[in-house]
Amino acid sequence: MTVAVLFGLFTVLLVVGVPIAFAMGLSAVTVVLFFMNVPLVLLPQRFFSSLDSFPLMAIPLFILAGNLMNVSGITEAIVRFASALIGHIRGGLAQVNIATSLMFSGISGSAAADVAAVGSMLLPAMKKEGYKPEWSAVITAASAILGPILPPSLLMVLYGAMTGLSIGTLFLAGILPGIVIALFLMALTWVKADSIGGKRYPRASKSEVGGAFLAALPAMVLPLLIIGGIQSGFFTATEAGVLAVVYALLYGFVTGKLGPGRAWNHLRDAAVATSSILIILGGAALFSWIIAREGFPAQIADALTTLTQNPYLALGLIVAALLVLGMFVETISALILVTPMLAPIGAAYGIDPIHFAIVTIISVLLGSITPPVAIILILACRIGGVDYAKVMKPFIPYFLIILAGLIVITYVPAVTLSVPRLFGGYGG
């Protein structure tokens, strides 16, 4: 009864336009006031304790580092390297778009940052070279979800902070799935090259590839430093965020593209973005506490085990539910909302927690580029000046190819677990 009222109030508040953080918090407070015999002082305690987490300090640091690296000219260097490396293959600049997102993911950790940085540079260039704008926007949005899959990832920091899983291990687990999805996207782009339009570049010489590589090397060194330092035990994920910020500041000042004024603006932007995430996390903590107290995760697990004892079928049902949720709820909010409920269910089925985490994150991400909400796709359309209605047709094959990649990742656990076992000594 209590959980039903909680979800009912939450739904009503969302429908009337209340922001999701306040919808979760207000519905939780109302339920505690009228349906639960617990002291109200527990609510601020739960809110504060959910934010009193050292790993969460990594979030503003990685956001700031990504913003600083983006304005320091690193995106242009990555684009030039990707163009020299694969611009000559079928699909040309569209392939470069995907490869750039793959490399930029090691800096941004965010799909929105990825689509903004890569899209603002490549979408006008693709239009100029004859690529169909609607296809270009879809490719940019589809490849942008690589940002939160490859390390460093804000979603993995959140998931690790909420579940106690090693953030470093989650970072390692995202490497191969991100590459798999990128290869699937590139294969489809190769097949669809005639529909997309555009042209191929001439094959770059070895000296051109080498020069482009050296220019992009500072960007590719950063994720290696982060992962290597975390896995070696030299520093934590939060301390890695400090390193990333210092590295980005030094790079920006050395190249002359970052001054005190711009650095201050990005510091402010990172603070604002972090505040919104933490407010959502605090509201979700109250919401999730009531759900856990009422035993709702166990009830869902019992219902699922009654329906099926097969963990693979249960995992498929969870993925389907997450895809639908991601279509209507912003990615970070959706992940914060479902993680406390779903993590125990995955454990009940004996699914490896690291594997389950990656599958959960990718499922929600795929929902985030799927209409009707599709925030990332809408952002790509705005940057490219494309009518949102016109991207529906080219969106379908790219949705299906990412879904195919997700199915492989879901049912072949080695895709997520091989790298952690190889480099991190993970025994799961």
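The crossing of helix 10 and helix 18 is right-handed. In this predicted model, helix 10 covers residues 167-191 and helix 18 covers residues 353-368, and their axes lie 10 Å apart at an angle of about 50°. Two packed helices are described by the angle between their axes and the distance between the axes. Helix 10 and helix 18 are therefore oblique to each other. On the side of helix 10, the contact is made by Thr169, Leu170, Ala173, Gly174, Pro177 and Ile181. Helix 18 contributes Ile354, Ala357, Ile358 and Ile362. Of the residues in the contact of helix 10 with helix 18, eight are nonpolar, two are polar and none is charged.

The C-alpha atoms of Ile358 and Tyr159 are 9.5 Å apart in space, while the two residues are 199 residues apart in sequence.

The crossing of helix 8 and helix 20 is right-handed. In helix 8, the residues that meet helix 20 are Glu134, Trp135, Val138, Ile139 and Ala142. Their counterparts in helix 20 are Pro394, Phe395, Pro397, Tyr398 and Ile402. The residues of this contact between helix 8 and helix 20 comprise nine nonpolar, no polar and one charged.

The loop between helix 8 and helix 9 was considered next. Pro152 is placed in this loop. The peptide bond that joins Pro151 and Pro152 is cis, with omega of about -5°. For comparison, most peptide bonds are trans. Ser153 is also found in the loop between helix 8 and helix 9, the latter helix spanning 154-163. Ser153 has a relative accessible area of 0% and is therefore buried. A polar atom of the side chain of Ser153 lies 3.3 Å from the backbone nitrogen of Leu155.

Definitions and conventions: Residues are numbered from 1 along each chain as its sequence is written. This is a predicted model: local features need pLDDT of at least 70, side-chain atom pairs count only at pLDDT 80 or more; totals for chains, interfaces and linings use all residues. Side-chain values use heavy atoms; hydrogens and water are left out. A crossing is left-handed if the near helix is turned anticlockwise from the far one by less than a right angle, and right-handed if clockwise. Helices (H or I, at least four residues) and strands (E, at least two) are DSSP runs, numbered from the N terminus. Contact means heavy atoms within 4.5 Å. Ala, Val, Leu, Ile, Met, Phe, Trp, Tyr, Cys and Pro count as nonpolar, Asp, Glu, Lys and Arg as charged, and the others, Gly among them, as polar. Buried means under 20% relative accessible area, exposed over 50%, partly exposed in between (1.4 Å probe, protein chains only). A polar contact is a pair of N or O atoms within 3.5 Å; within protein, one must be able to donate a hydrogen and the other to accept it, and residues adjacent in sequence count only if both atoms are side-chain atoms. Axes are lines fitted to C-alpha atoms, for helices over the stretch in contact, and angles run from 0 to 180 degrees between N-to-C directions. Angles under 35 degrees count as roughly parallel, over 145 as roughly antiparallel, 65 to 115 as roughly perpendicular and the rest as oblique.
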